[in-house]
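Here are my notes from going through this model, written for someone new to reading structures. Have the 3D view open and click along as you read.

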Amino acid sequence: MSTLYDKIWQNHVVSEGQDASAPSLIFVDRHLVHEVSSPQAFESLWSAKRIVRRPDCTLATADHNVPTTPRAESVTTEHYVRDPISRAQVTALEKNMRRSKIPYYGLGDERQGIVHVIGGEQGFILPGAVCVCGDSHTSTLGAFGALAFGIGTSEVEHVLATQTLRVRKSLNMRVTVDGELGLGVTSKDVILHIIGTIGTAGGTGFVIEYAGSVVRGLSMEARMTMCNMSIEAGARAGLVAPDDVTVSYLRNRPLAPDGNHWDQGVEFWRSLKTDEHAKFDREVFIKAEDILPTVTWGTSPQDSVPISGSVPDPSSFKTPQRREAAEKSLKYMGLTPGTPMESIVVDKVFIGSCTNSRIEDLRNAAAILTTLGPEAKVSPNVAAMVVPGSGVVKRQAEAEGLDVLFRRAGFDWREAGCSMCIGLNPDQLGPEERCASTSNRNFEGRQGDKGRTHLVSPAMAVAAAVTGKLTDVRKIVGAAAFQKGSDGPQSLPPMLFGETAIQPDELSDEAPSSQEPLFRQIRQFVSVKGVGVPIHMENVDTDKLLPAKFLKTITRTGLGDSLFYRLRVDEVTGQKSDFILNREPFDKAKILVCTGSNFGCGSSREHAVWALKDFGISCVIAQSFGDIFFNNCNQNGLLLVTLPADVCVQLADYAATGAEIDIDLEKEQVTCMKSGLVVPFHTNGTTRRRLLRGTDDIEDTLAEADKISAYEKMRRERWSWLELDITRTRRRAAGGSLEW
Ligand SMILES: CC(C)[C@H](C(=O)O)[C@@H](O)C(=O)O
Ligand code: SF4
């Protein structure tokens, strides 16, 4: 009896780990690449004189740094990406694509867009496949019944060089949503409700399969919205079993198989589901009737309430940590307990991001405007923008006249990219500006320094734009405006795929070079002795460890000053704060002792680990860690020690005295030298061996090249529909407009 996850896993094992807790080598069928998490991976790859093993299994685009202002057809990176550091990243990607021969959807290509949007839209991701990308929201693509998850930059390099990854198997969780959703309740509300229920650490260590009548009744795009935010629930990936909805969505997509391959693929996909009596390590049941249009009030995706609710009182939370976190959130958000959510005035509205920028999202948003009629206008105090997830979505929306509806109402209609989801491009919130946003993260500073984010569905975003405050969309359009299954029908109306230009020939041939020292070579950990810095926070996400604006670098060094930047520097005055990392002796700390759980959750940015190391930290102690962060630390020789809450508190109190701590990995013990306290800890055997030895994973994997070749041969014979013939696809794409 196996789950869907077990089955996909089993089909991809190239070689088993030495024991149950050790990572296995698994084959990667599809690798998506973008400009933020790949430059350092290519840099190391080229300097080690390695090549990309399977460019044909890889697809790249630029999305995070890309402006969304009007883009001429003859667009060049040089002129369009004005910010020199952003431009350097996009240019590095272009050069790397040219050298590696990886298919690239660049700025002049209609297929360019947010990496997770284009992966599904083009039919690149198929059920049963393993798909990775140096980005945490790769989980979006689990909606296809593919095992899709985010990885760090070192792992990107590993996949480029070997087409495999060393992964430890996660636990199985199933979230079943049964019943019937109320009119106007969408997949975004469902996933916000789930995260509100299980918490942002609820899925840590798990792959979540979404099941139940509600999930079965959702369209593919709505399923993508749900799977997208699995990472906000702490899970490695989200999955939905493939069914007729999946198959009809994939039919005739440019990169999906055709002919016999299509038939073989469909037969296999239909067999992929969890066995009836398969066992899950955790089961969660949600009643559809309990879900209302949902909105966040705080700075964590778990801080949500129904739109009819009010800002909670921090004292209503059970644990002191939650109480403290809620107080901090409310201060940051400028909200007082008891304020009705519907009275909160917004300055900006953002419809976009990999959560909600697909055609169906734009149709849903536009439908609200249609119902309201031509008089409906964006409130004079609000700036609202719609950013399609890809050039294809944009063209489709324009063919349907949605842009006209948005523009007429006063929305700004933009070009594709990550846009205001992340402060990496010009679309940002100003300090204390409040935004109703269809994105997935409401972390402090996420949409711009001191910006305040409320996560909502596309329909709710339109309602907020029109009224100027957070609003229950059902009230302004009436129930009659919604059909059953508020996200949209399960079969999409035709989508247009136009002629596209392949343009890597315009790119320069030389590989980018950087002068960075061999920072990554220091990947070993044996012991450390030094000052520990106590941090009393729950859910320290990687945005907090290193804000997005520092991700533009193409090297791994120099990030130490930016660690916990928002807490260390007042972004308005530029003055250093009295945050503990700025104070002696903690400014020289080598160990970080966090009393909270879920340290390093959120984004897959390995830059956060480089920042810790560059600051001088080589060991973090906490109650638990985010999955991707855990792997990124292993790759960089940074030891993570997991200890119970009371022990973390004890060690943090000791660290606060400024006395030295000694951490010995061989002995697996923490010694507080001054007090004599000795705390044993346990690390996974493989992790320990690798850290002690300072292993180069890629070298080890390449030693198993014959096994990888044997797997590839087996895959060609057994699942030939997985082979991608990019030249065929190009012909099809160039053969005129494709419709279905
Ligand atoms: C830049 C990238 C590594 C990051 C992620 O992993 O999620 C980004 O997409 C984000 O949303 O924070
Ligand atoms: S979460 Fe935002 S920044 Fe990250 S990939 Fe999605 S759209 Fe881009």
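The points below go from the cores to the rings, then to one arginine and a record entry.

1. First, the ground rules. This is a predicted model, where local features need pLDDT of at least 70, side-chain atom pairs count only at pLDDT 80 or more, and totals for chains, interfaces and linings use all residues. Residues are numbered from 1 along each chain as its sequence is written, chains are lettered from A and ligands numbered from 1 in the order in which they are written, and side-chain values use heavy atoms, with hydrogens and water left out.

2. Start with the inside. A nonpolar core is a set of buried Ala, Val, Leu, Ile, Met, Phe, Trp, Tyr and Cys residues joined through side-chain atoms within 4.5 Å; buried means under 20% relative accessible area (1.4 Å probe, protein chains only). The largest one here has 107 residues, and Phe-149, Ile-194 and Tyr-210 touch the most other members. Helix α7 (residues 187–198) gives the largest share of this core, 6 residues. Helices are DSSP runs of H or I, at least four residues, and strands are runs of E, at least two, numbered from the N terminus. There's also a second, separate core of 91 residues, with Leu-330, Leu-362, Leu-581 and Val-620 among them.

3. Now the rings. Rings of Phe, Tyr and Trp (its six-membered ring) pair if their centres lie within 6.5 Å; planes under 30 degrees apart are stacked, over 60 edge-to-face, and the rest tilted. That gives 16 aromatic pairs. In one of them, Phe-268 and Trp-721 have ring centres 5.5 Å apart and planes at 40°, so the pair is tilted. Phe-268 sits in helix α11 (residues 259–270) and Trp-721 in the loop between α25 (705–718) and α26 (726–734), so this pair ties together parts 453 residues apart in sequence. Both residues are buried.

4. What about Arg-414: buried or exposed? Arg-414 is buried, with a relative accessible area of 12%. You'll find Arg-414 in the loop between β17 (412–413) and β18 (434–437). Its side chain makes a polar contact with the side chain of Asp-427 (3.3 Å); such a contact is a pair of N or O atoms within 3.5 Å, and within protein one must be able to donate a hydrogen and the other to accept it, while residues adjacent in sequence count only if both atoms are side-chain atoms.

5. Lastly, the record. UniProt, in an unreviewed entry, places "domain: Aconitase A/isopropylmalate dehydratase small subunit swivel" at residues 524–644. UniProt positions follow the numbering used here, feature names are shortened, and annotations may be inferred rather than shown by experiment. In the model, that span is 21% helix and 17% strand.

Conventions
Buried means under 20% relative accessible area, exposed over 50%, partly exposed in between (1.4 Å probe, protein chains only).
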